[in-house]
Amino acid sequence: MGVEIHVEGLTKSFGDQVIWQDVSLTLPAGEVSVMLGPSGTGKSVFLKTLVGLLKPERGSIRIAGQDITRLREHDLYEVRKLFGVLFQDGALFGSMNLYDNIAFPLREHTRKPESEVRRIVLEKMDMVGLIGAEEKLPGEISGGMRKRAGLARALVLDPEIILFDEPDSGLDPVRVAYLNQLIVDLNAQIDATFLIVTHDIASARQVPDNIGLLFRRELVMFGPREQLLTSDEPVVRQFLNGRMQGPIGMAEEKDAAQVEQELAGLDGGDEDQPAMTPRLLPSAGVTRPPRWQAIADREAVLRKRQVADA
């Protein structure tokens, strides 16, 4: 079962450069959350801060009843055991085959016998569809397979929180679709708390329970998926619809007058708000968590409302 992460008033800077400030949100236990934002808004920095690799200037991160920003290194090491992390490139050792890559955390952090290590590794490889590829080296497989191997390695210690740093980077749309389905299925199976940093709008519309958006050094919004997908907030609408008109510019935010002029040219902007994308469901045979029915009911009500307002 996943654990809740409660973030309050979090601020991170590098020297005089403020990355983001006064970020407050709660990642619900066992749910999938996505963090969006234009390039350079500090999404990956946020992940590294959550796991204690970077220390914030202000604020708190409460996990399992402890504020990790105040823990000593030894205690922080213990809390990190709750985490599994999938890095952008999979972070695999090029000289090790996939089996040894995935077994590495077990051999490094536990004293399990090799027979138990083998059982766990093959179980996780089966979960991500890599059975039969144990002897392959990272350089011999596709980017999608490397991502799945990195995910299997993130799973071997049975984490209660899994962080995904742009899991779709470098993948074609078909592989992204397969990876999204795998993420949804895994969440249904292991019920861990997932946080995904991504630029992929289709993934953000289909996969999560909750969505957040970082922009202009702050968290613009964070809440249930249906709340963000139906939001009238200009930066949220612009990002989720992938359009040029709005507060986000090529290099930096635009001035208020330009934004107002662009939005006025959209004739109210209603035509760019598509019907809410259906939620991606677990594969056949994968049991859905109890919360899914409540989510489905809420989204059905919103879809009916959108049709009625059209």
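User: At what angle do the axes of helix 3 and helix 4 cross, and within what distance do they come?

Analyst: Two packed helices are described by the angle between their axes and the distance between the axes. Here the axes are lines fitted to C-alpha atoms, for helices over the stretch in contact, and angles run from 0 to 180 degrees between N-to-C directions. In this predicted model, local features need pLDDT of at least 70 and side-chain atom pairs count only at pLDDT 80 or more, while totals for chains, interfaces and linings use all residues. Residues are numbered from 1 along each chain as its sequence is written, and side-chain values use heavy atoms, with hydrogens and water left out. The axes of helix 3 and helix 4 (residues 114-127) cross at roughly 120° and come within 10 Å. Helices (H or I, at least four residues) and strands (E, at least two) are DSSP runs, numbered from the N terminus.

User: How is the orientation of helix 3 and helix 4 to each other described, and why?

Analyst: Angles under 35 degrees count as roughly parallel, over 145 as roughly antiparallel, 65 to 115 as roughly perpendicular and the rest as oblique. Helix 3 and helix 4 are therefore oblique to each other.

User: Which residues of helix 3 and helix 4 meet?

Analyst: Contact means heavy atoms within 4.5 Å. From helix 3, Leu98, Tyr99, Ile102, Ala103, Leu106 and Arg107 meet Glu114, Val117, Arg118, Ile120, Val121, Leu122 and Met125 of helix 4. By class, this contact of helix 3 with helix 4 has ten nonpolar, no polar and three charged residues, where Ala, Val, Leu, Ile, Met, Phe, Trp, Tyr, Cys and Pro count as nonpolar, Asp, Glu, Lys and Arg as charged, and the others, Gly among them, as polar.

User: Is tyrosine 99 buried or exposed?

Analyst: Buried means under 20% relative accessible area, exposed over 50%, and partly exposed in between, with a 1.4 Å probe and protein chains only. Tyrosine 99, which is found in helix 3, counts as buried because its relative accessibility is 9%. Leaving aside neighbours within four places in sequence, tyrosine 99 is in contact with Arg107, Glu114, Val117, Arg118, Val121, Leu122 and Glu134.

User: How do helix 3 and helix 5 cross?

Analyst: Helix 3 (residues 98-109) and helix 5 (residues 143-155) have axes that come within 7 Å and cross at roughly 30°. That angle makes helix 3 roughly parallel to helix 5. In this pair, Leu98, Asn101, Ile102 and Pro105 of helix 3 meet Ala149, Ala152 and Arg153 of helix 5, and by class the contact has five nonpolar, one polar and one charged residues.

User: What are the angle and axis distance for helix 5 and helix 6?

Analyst: Helix 5 and helix 6 (residues 173-190) pack at an angle of about 15°, with their axes 11 Å apart, and they are therefore roughly parallel to each other. Gly144, Arg148, Leu151 and Leu155 in helix 5 meet Arg175, Leu182, Leu186 and Ile190 in helix 6.

User: Why is helix 9 described as largely enclosed by the rest of the structure?

Analyst: Six of the eight residues of helix 9 (residues 234-241) are buried, so this helix is largely enclosed by the rest of the structure. The buried residues are Val235, Val236, Arg237, Gln238, Phe239 and Leu240, and among the elements they pack against are strand 3 (32-36) and helix 7 (201-206). Just after helix 9, glycine 242 takes a positive phi of about 60°.
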